[in-house]
Amino acid sequence: MTLAPETNAAHTVPGETLLELRNISKHFGGVRALSNVDLQIKAGEVVGLVGDNGAGKSSLVKTMSGIYRPDEGEILFRGQPADLKGPNDAKELGIQTVYQDLALCDNLDAVQNLFLGRELAGPRLFGARIKRAQAEQRAREVLKRMRLDSISLTRPVGAMSGGQRQNIAIARSILWTPTVVLFDEPTAALSHTAALKVSELIRNLADEGMGVLVISHDIHQFVVEATDRVLVLRLGRIVAEYKSKEVTGETIVNAMVGGNEGVNSAR
Ligand SMILES: Nc1ncnc2c1ncn2[C@@H]1O[C@H](COP(=O)(O)OP(=O)(O)O)[C@@H](O)[C@H]1O
Ligand SMILES: [Mg+2]
């Protein structure tokens, strides 16, 4: 799906820098989880973020989602300084995050999960409480746009497959057309087929003009095949950056674990 620049769903200009981190550092006691991280996420691109366990990937995503406040550095959203005091600040700007645990309620159906927390927002936000019928209609629209029309709207999500649950979490993140979507390990627990479907959905978000960042351990399949650019974190620092189509999985893995072969000059 390729849309004309002026008509993309996210109302961004292709290649525009949507989210930028400058010199971000974050400590937890004596642990330096992030050191002087610079990164940019641009409209229309899928950025892969890789690194060994404890490298700082989740801390970085939580910093961009307003959950952690950096000790040093600056966050810019579409060129303007963004002081994220909490997750709501990030969401209001249009930065949505799909966490590893998905944060779905198993006993609720797809529609209830898509609107989780919003039914109770009351008249101030929406003019009227969102009624079930309206919610179902909106859910149908977003699932249709994602070509997920076959997902049941009324079955508890606890009874669904891992792939369907991941898809519902993605649908929830794009319900209000965000500008940037961050994923923590979206394909970790999925079958190969379900992972391919998720890759396709992620590519569609970028094609709609969003900027996407994806944490993944699936270097050889997902990262190499489904991203445009790869950033390698090691011990809280970005140690390498590659264009996905110009790199092999082996080179990425070497950079992750600290081998020298193929590593870009470390910053
Ligand atoms: N809330 C926290 N409190 C204390 N230490 C933390 C916290 N979050 C992360 N860390 C530490 O920061 C480092 C980076 O962790 P994390 O961002 O979870 O890495 P990754 O997601 O790459 O595995 C680790 O040493 C981890 O133990
Ligand atoms: Mg993590």
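**Figure 1. Pairing of strands β1 and β2 in the predicted model.** In this predicted model, strand β1 (residues 17–28) runs antiparallel to β2, and eight bridges join the two strands. Within this pairing, L19 stands opposite I41 in β2. The strands β1 and β2 form a hairpin, with two residues between them. G29 lies in the turn of this hairpin and has a positive phi of about 55 degrees.

Figure 2. Four strands make up an open sheet in the order β2-β1-β4-β5, and their pairing is antiparallel. At the edges stand β2 and β5 (80–81); each has a single partner strand, so one side of each is left without a neighbour in the sheet. Strands of a sheet pair through backbone hydrogen bonds, in either a parallel or an antiparallel manner.

**Figure 3. Pairing of strands β4 and β5.** Strand β4 (residues 72–77) pairs with β5 in the antiparallel sense, over two bridges. F77 stands opposite Q80, a residue of β5.

**Figure 4. The shell of residues around ligand 1.** The residues that surround ligand 1 are F28, V31, A33, D52, N53, G54, A55, G56, K57, S58, S59 and Y68. Classified by type, this shell around ligand 1 holds five nonpolar, five polar and two charged residues. Two elements, β2 (31–42) and α1 (57–64), each supply at least two residues of the shell. The largest share of the shell, three residues, comes from α1.

**Figure 5. Polar atoms beside ligand 1.** A polar backbone atom of G54 is 2.7 Å from an oxygen atom of ligand 1. For K57, a polar side-chain atom lies 2.8 Å from an oxygen atom of the ligand. Y68 places a polar side-chain atom 3.2 Å from a nitrogen atom of ligand 1. On its own, ligand 1 has 550 Å² of accessible area, of which the protein covers 61%.

**Figure 6. The second largest pocket.** The volume of the second largest pocket is about 230 Å³. Its lining consists of T187, L190, H192, A195, L196, S199, R203, D218, Q221, F222, E225 and A226. By class, five of the lining residues are nonpolar, four are polar and three are charged.

**Figure 7. Helices that line the second largest pocket.** Both α7 (192–207) and α8 (219–226) contribute to the lining of the second largest pocket, each with at least two residues. Helix α7 provides the largest share of this lining, namely five residues.

Technical notes
Residues are numbered from 1 along each chain as its sequence is written. Chains are lettered from A and ligands numbered from 1 in the order in which they are written. This is a predicted model: local features need pLDDT of at least 70, side-chain atom pairs count only at pLDDT 80 or more; totals for chains, interfaces and linings use all residues. Side-chain values use heavy atoms; hydrogens and water are left out. A residue is near a molecule or strand if one of its heavy atoms lies within 4 Å of it. A polar contact is a pair of N or O atoms within 3.5 Å; within protein, one must be able to donate a hydrogen and the other to accept it, and residues adjacent in sequence count only if both atoms are side-chain atoms. Accessible areas come from the Shrake-Rupley method with a 1.4 Å probe; for residues, only the protein chains shown count as cover. Ala, Val, Leu, Ile, Met, Phe, Trp, Tyr, Cys and Pro count as nonpolar, Asp, Glu, Lys and Arg as charged, and the others, Gly among them, as polar. On a 1 Å grid over the protein atoms alone, a cavity is a set of points where a 1.4 Å probe fits but cannot get out, and a pocket is an open set with protein on both sides within 12 Å along at least five of seven lines; lining residues have an atom within 4 Å of a point. Grid points are joined across faces, edges and corners, and a volume is the space filled by probe spheres set on the points. Two strands pair if DSSP finds at least two bridges between them.
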